[in-house]
Amino acid sequence: MAPRAGAPTVLALSGLSLRFGSLLANDDISLTLAEGEVLALLGENGAGKSTLVSILFGHYVADAGTVEVFGRQLPPGDTARALAAGIGMIHQHFTLAENLTVLDNVMLGMRSLWHPRSGGTALRRRLETVMNEFGLRVDPAARVADLSIGERQRVEILKALIREARILVLDEPTAVLTPQEARTLFETLARFTARGLSLIFISHKLDEVMRVADRVAVLKQGRKVYEAAIAETSKQQLAQAMVGDGLAMHQPSGGGAAASRVGPPVLELADVTVGRGRGGDRRLLLDGIDLVVHGGEIVAIAGVSGNGQQALADLLAGERAAETGAVTVAGRALAARPRDWITAGVGRIPADRLHAGVVGDASVAENAIVSRLPRWLVDRRAMRAGAQAIVDGYDVRLRSLTQPIRLLSGGNIQKFIVGRELSAEPRLVVACQPTWGLDIGAVAFVHERLRAARARGAAILLISEDLEEIFALADRTAVIHGGHLGPARPTAEWTAESIGLAMAGATESTSPDGLATPTATRTPGAAVCEGGR
């Protein structure tokens, strides 16, 4: 819903510039946001979006320019004042205390350190209300360290919403939602904007930008290069503004594209069970799952975050052992030792790129070989050459190979990880959210490289919550829910609606034509969204 005519300006960024050494991250950027308006912010990875919103939230101090919120200039570099002014931020990299519970994280900064128990009951009730409104369920008593990446993102969203932010910055908010849940979220956001909440919506999904936004701005190499009302632009124009004329809008090519060249089984799981906890707290993360992935095919695992995907990824990285059942790679059983899995030719693209994919304080060059060779065997010249090949081949944008990799943008870290793993030509690739946070050009490039790996005979297990990605890549798709994995069927047999219902915990019935179809039924702890009823 567009803001009403003459709606007051709630946010004004004027002439913001910020330089990091020789890199001009933001160059004289000016933007406004009206009451009840949704402004989409687009740009390639490294275009300056994260820097801009970090200035807004007080994490960075601009070299030039001002930020006004509700007509008052915001002091630079003061996060507390930004929060008090009504700005809520969901960061690309989470800012959570992992040793605390969900409820404790929400309470941080909202109750007195002198009276830590004060207001707890009321806050818990408020949290339950917000979770129900948005369909973003997380166990308030769960420790954040035990949550999946997607669940942690939900906690970030809830932290901002419970503080009744009037200006909310949302960075890829639908990355962990089913299509039905995404529709419900959009409807809820529309109700909030109708009451005057203003949104900055950062997304690489042009379809949802066209649906949600009232206005869009595109950044490129630190400058604002395009701005338009959403009714006066198109996906093609936005893509061209972001990455130039060289990008063709990608069309899905999954659904059995590799069926004619499928090779022998590479990954086999038979009746595999993985659990956590003891006694009454015992919980099955994977419950008797079966799966076969052949060489020359891409098999996708779809599901709402927190249904066993992380346990599966940990199992296939050698970081977690199966309690029952058999796990083999190319016919060989592997122990729960990461080195054995690397040696067996398994490439891993983890969902948590900062903690599991790289060593943040190590250099870019060192991260090229960090998981493969002991330090005393490293040929420093060869290491730098290998790192440079990844940087060049995967368009990783950085200042120097010697800089700590944590200083790269999230998208560039992800491109480096993908390049490092695929360059080793593994026989099995376990790709978890491989394009999360990437711009459309980078997404298309990574998809192309995954298809190339499939073409040379690699087996690829794609664990993704992005249905567009699954339909674009996967030859077969299975849905995981509550630790149970359904059969992997040709992707062409699924629709977005049927797969979304299965992700929400639907059971199956048989239609008159004999095909199995999901039926929306409520299961304990799972809610069927409005769009799927």
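Guide: Let's start with a word we'll need: a residue is buried if its relative accessible area is under 20%. In this predicted model, buried residues make up 53% of the 533 residues in the chain.

Visitor: Why is Leu-83 called partly exposed?

Guide: Buried needs a value under 20% and exposed a value over 50%. Leu-83 has a relative accessible area of 40%, which lies in between, so Leu-83 counts as partly exposed. You'll find Leu-83 in helix H2, residues 79-84. The C-alpha atom of Leu-83 is separated by 9.2 Å from that of Ala-160, although the two are 77 residues apart along the chain.

Visitor: How many helices and strands does the chain have?

Guide: The chain has 17 helices and 23 strands.

Visitor: What makes S1 and S4 a pair?

Guide: Two strands pair if there are at least two bridges between them. Strand S1 (residues 9-20) and strand S4 (residues 64-69) have 5 bridges, so they pair, and they do it in the antiparallel sense.

Visitor: What is the order of the strands in the open sheet?

Guide: The open sheet of 4 strands runs S2-S1-S4-S5, with antiparallel pairing.

Visitor: Why are S2 and S5 called edge strands?

Guide: Because S2 and strand S5 (72-73) each pair on one side only, they are the edge strands. As for helix H1, it lies across S1, S2 and S4, and runs at about 120° to S1.

Visitor: Which residues are closest to the centre of the second largest pocket?

Guide: That pocket holds about 1,200 Å³ of space. Of the 43 residues that line it, the closest to its centre are Ser-50, Thr-51, Leu-407, Leu-408 and Ser-409. H1 gives the largest share of the lining, 5 residues. Among the elements that each supply at least two lining residues are strand S2 (23-34), helix H1 (49-56) and helix H14 (410-423).

Visitor: How many residues of each class are in that lining?

Guide: The lining of the second largest pocket has 16 nonpolar, 20 polar and 7 charged residues.

Visitor: What share of the contacts with a separation of 6 or more comes from residues 24 or more positions apart?

Guide: Residues 24 or more positions apart account for 66% of those contacts in the chain.

Methods: Residues are numbered from 1 along each chain as its sequence is written. This is a predicted model: local features need pLDDT of at least 70, side-chain atom pairs count only at pLDDT 80 or more; totals for chains, interfaces and linings use all residues. Side-chain values use heavy atoms; hydrogens and water are left out. Buried means under 20% relative accessible area, exposed over 50%, partly exposed in between (1.4 Å probe, protein chains only). On a 1 Å grid over the protein atoms alone, a cavity is a set of points where a 1.4 Å probe fits but cannot get out, and a pocket is an open set with protein on both sides within 12 Å along at least five of seven lines; lining residues have an atom within 4 Å of a point. Grid points are joined across faces, edges and corners, and a volume is the space filled by probe spheres set on the points. Ala, Val, Leu, Ile, Met, Phe, Trp, Tyr, Cys and Pro count as nonpolar, Asp, Glu, Lys and Arg as charged, and the others, Gly among them, as polar. Contact means heavy atoms within 4.5 Å. Axes are lines fitted to C-alpha atoms, for helices over the stretch in contact, and angles run from 0 to 180 degrees between N-to-C directions.
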